[in-house]
Amino acid sequence: MTKRFPIAGAAALGIAALALAACQSSTKTPSPGSGKSASLQAMEQVAIAAHKCWIASKDPAFKSYQMANELNNFGGTPRFLLVPAKHYGGKPLLVVQATGGSSRVEVFGPLMSEPVGDRIGADIQRWQTGSKECGAAA
């Protein structure tokens with residue numbers, strides 16, 4: 001002998017089952033900083049300091065450049081570029097990046113062979129270790 005449930009009863013039973021399943025599934029809130037690669041964490045730290053010390057401070061050594069931030073690119077290589085201030089889409093003059101799971105920051109581009117290159121290298125090295133200090137102007 002089979003019993004037939006009315007359609008309304010079956011719908012109510014289905015909704016109750018879904019509600020019960022939703023209550024039982026647990027969603028974990030990620031802890032701050034989780035899910036970020038070592039390279040992204042390193043580059044966020046360096047990019048914030050570079051923007052503060054070079055661009056926002058209106059440092060004369062960097063007045064003719066602007067930052068093009070590419071920290072969340074899809075290639076797994078968080079980076080930022082310094083490009084000519086009057087030509088945002090122009091060829092990058094400086095590339096600062098970290099790759100994959102590494103927190104090692106690489107710096108290259110034509111600006112590194114200019115007089116400001118030594119300062120750029122020292123600043124990046126200092127910021128990579130966690131310092132937020134701007135250092136001496138070139």
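A residue is called buried when its relative accessible area is under 20%, exposed when over 50%, and partly exposed in between (1.4 Å probe, protein chains only). Helices (H or I, at least four residues) and strands (E, at least two) are DSSP runs, numbered from the N terminus.

This is a predicted model, in which local features need pLDDT of at least 70 and side-chain atom pairs count only at pLDDT 80 or more, while totals for chains, interfaces and linings use all residues. Residues are numbered from 1 along each chain as its sequence is written, and side-chain values use heavy atoms, with hydrogens and water left out.

The expected span of a helix is 1.5 Å times one less than its number of residues.

| Helix | Residues | End-to-end C-alpha span | Expected span |
|---|---|---|---|
| H2 | 19 residues | 26 Å | 27 Å |

In H3, Gly-117, Arg-119, Ile-120, Asp-123, Ile-124 and Trp-127 are buried. Viewed down the helix axis, the buried residues of H3 fall within an arc of 155 degrees (taken from the directions from the axis to the C-beta atoms), so they line one face of the helix. Asp-118 and Gln-125, on the other side of H3, are exposed.

A nonpolar core is a set of buried Ala, Val, Leu, Ile, Met, Phe, Trp, Tyr and Cys residues joined through side-chain atoms within 4.5 Å. The largest one has 24 residues, and Trp-54 and Trp-127 are among those touching the most other members. H2 gives the largest share of this core, 9 residues.
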